[in-house]
Amino acid sequence: MPSLIDLHSHSTVSDGLLAPEALVQHAAAHGVKMLALTDHDDTAGLAAATRVAAEHGMQFINGVEISVTWRRRTIHVVGLRVDTDYEPLRSGLEKIRAGRHVRAEGIAASLEKFGIEGSLEGAYAHAKQGIISRAHFARYLMEKGYASNIKSIFKRYLVKGKPGYFEHEWATLEEVVAWINGSGGVAVLAHPGRYDIGRSNMLLLLEEFRNLGGAAIEVVTGSHTVEQFQEYARLAHMFGLKSSMGSDYHGPGHGYMEMGRLPDLPRGCTPVWQDWPEVRLLNS
Ligand code: AMP
Ligand code: MN
Ligand code: MN
Ligand code: MN
């Protein structure tokens, strides 16, 4: 039976395709009973999502997926059960969003040097509500016919070494974990299987994350293989970290997995939601 829990998803506030209200409705229709909306670097969708979740009798978790630079690489940390009014978190996210605008100009300038015009306006036209991201550039490039799917757009234009890549420094792991924990939330390392950093760096990352106060890692996520579910379950156990799960849903036809299809955590994992009050309600 698929899990009723999904703790990683995106709306139009970041790079998802559904508005927060529609995202929650979609989750409900796919059997999700406990949902976290975790837009990139922005919490603007949480209030609306909370309202709609209540109408569906769904347990809703305030979330955010924060961009981090760790040893010159980008990684993502999900904050769950965060207090969006906590000032260091609020101002930290605001600073990251401001950085995204500067980075977008850099991306557009690089693309222009390569002969691709109008990408700044084009990308912003796709970023209707909140942050600007590479996903919005990808949609513009696809609209202009530069490739037939988002994956190849990224591969050809938007990753390191390609014309639209622009080096950017996000927040540090230390500050991000502190914002999340300080707000009363829990810090979860997102989709560890997607970081191409090698085994020894992964062990370093997990150790550092745990020592800074990180609580859990995503063991079951839409972008992990079945083997990776087991691998990260073992690593979570090894570092005394809890386990989380989420689809990382970005909208119909986009991303890795439909909602409501995640398998349960592997046996032996300690769920990050173990002592949450929302779970008691879920089972009642
Ligand atoms: P950004 O945070 O602006 O660098 O944008 C990263 C986002 O782009 C991710 O959260 C994904 O939603 C999307 N993305 C990154 N790589 C790919 C890819 N290869 N294919 C499709 N979407 C991607
Ligand atoms: Mn995304
Ligand atoms: Mn991510
Ligand atoms: Mn995500």
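Guide: A first term: contact, or touching, means heavy atoms within 4.5 Å. This is a predicted model, where local features need pLDDT of at least 70, side-chain atom pairs count only at pLDDT 80 or more, and totals for chains, interfaces and linings use all residues. Residues are numbered from 1 along each chain as its sequence is written, chains are lettered from A and ligands numbered from 1 in the order in which they are written, and side-chain values use heavy atoms, with hydrogens and water left out.

Visitor: Buried or exposed, or something in between?

Guide: Arg73 is partly exposed, because its relative accessible area is 31%. Buried means under 20%, exposed over 50%, and partly exposed in between, with a 1.4 Å probe and protein chains only.

Visitor: What does β4 pair with?

Guide: β4 (residues 73-80) pairs with β3 in the antiparallel sense, over eight bridges. Pairing needs at least two DSSP bridges between the strands. Ile66 stands opposite Val77 of β4 in this pair. β4 is also joined to strand β5 (residues 186-189) by four bridges, again antiparallel, and there Val78 faces Val188.

Visitor: What happens in the hairpin of β3 and β4?

Guide: Two residues lie between the strands, and Arg71 takes a positive phi near 50°.

Visitor: How enclosed is β3?

Guide: Largely, because eleven of the twelve residues of β3 (residues 59-70) are buried. β3 also pairs with strand β2 (residues 34-37), in parallel and through four bridges; Met34 stands opposite Gln59 there.

Visitor: What is the order of the whole sheet?

Guide: The order is β1-β2-β3-β4-β5-β6-β7, seven strands in an open sheet with mixed pairing. β1 and β7 are at the edges with a single partner strand each, so one side of each has no neighbour in the sheet.

Visitor: New topic: metals. Which residues hold the manganese ion (ligand 2)?

Guide: Its protein donors are Asp15 (OD), Asp15 (OD), His40 (NE2) and His250 (NE2), at 2.1 to 2.8 Å. Donors are N, O and S atoms within 2.8 Å of the metal (3.2 Å for Na, K and Ca); water is not among the atoms, so sites may look incomplete.

Visitor: Why is the arrangement irregular?

Guide: Because the six donor atoms around the manganese ion (ligand 2) subtend angles of 51 to 153°. Four donors are tetrahedral if all angles lie between 85 and 135 degrees; four are square planar and six octahedral if opposite donors are over 155 degrees apart and all others between 65 and 115; anything else is irregular.

Visitor: How are those donor residues spaced in sequence?

Guide: As D-x24-H-x209-H. Asp15, in the loop between β1 (5-6) and α1 (20-29), and His250, in the loop between β7 (242-246) and α10 (277-283), are 235 residues apart, and the pair links distant parts of the chain. Asp15 and His250 are buried.

Visitor: What about the manganese ion (ligand 4)?

Guide: His8 (NE2), His10 (NE2), Glu65 (OE) and Asp248 (OD) are its protein donors, 2.1 to 2.2 Å away. The manganese ion (ligand 4) is 4.6 Å from the manganese ion (ligand 2). His8 is buried because its relative accessibility is 0%, and Asp248 is buried at 3%.

Visitor: Last one, helix α9. Which of its residues are buried?

Guide: Gln228, Phe229, Tyr232, Ala233, Leu235, Ala236 and Phe239. Down the axis of α9 these fall within an arc of 165°, so they line one face of the helix; the arc is that of the directions from the axis to the C-beta atoms. They pack against α8 (198-212), β6 (216-221) and β7.

Visitor: And which are exposed on the other side?

Guide: Val226, Glu227, Arg234, His237 and Met238. Just after α9, Gly240 takes a positive phi of about 65°.
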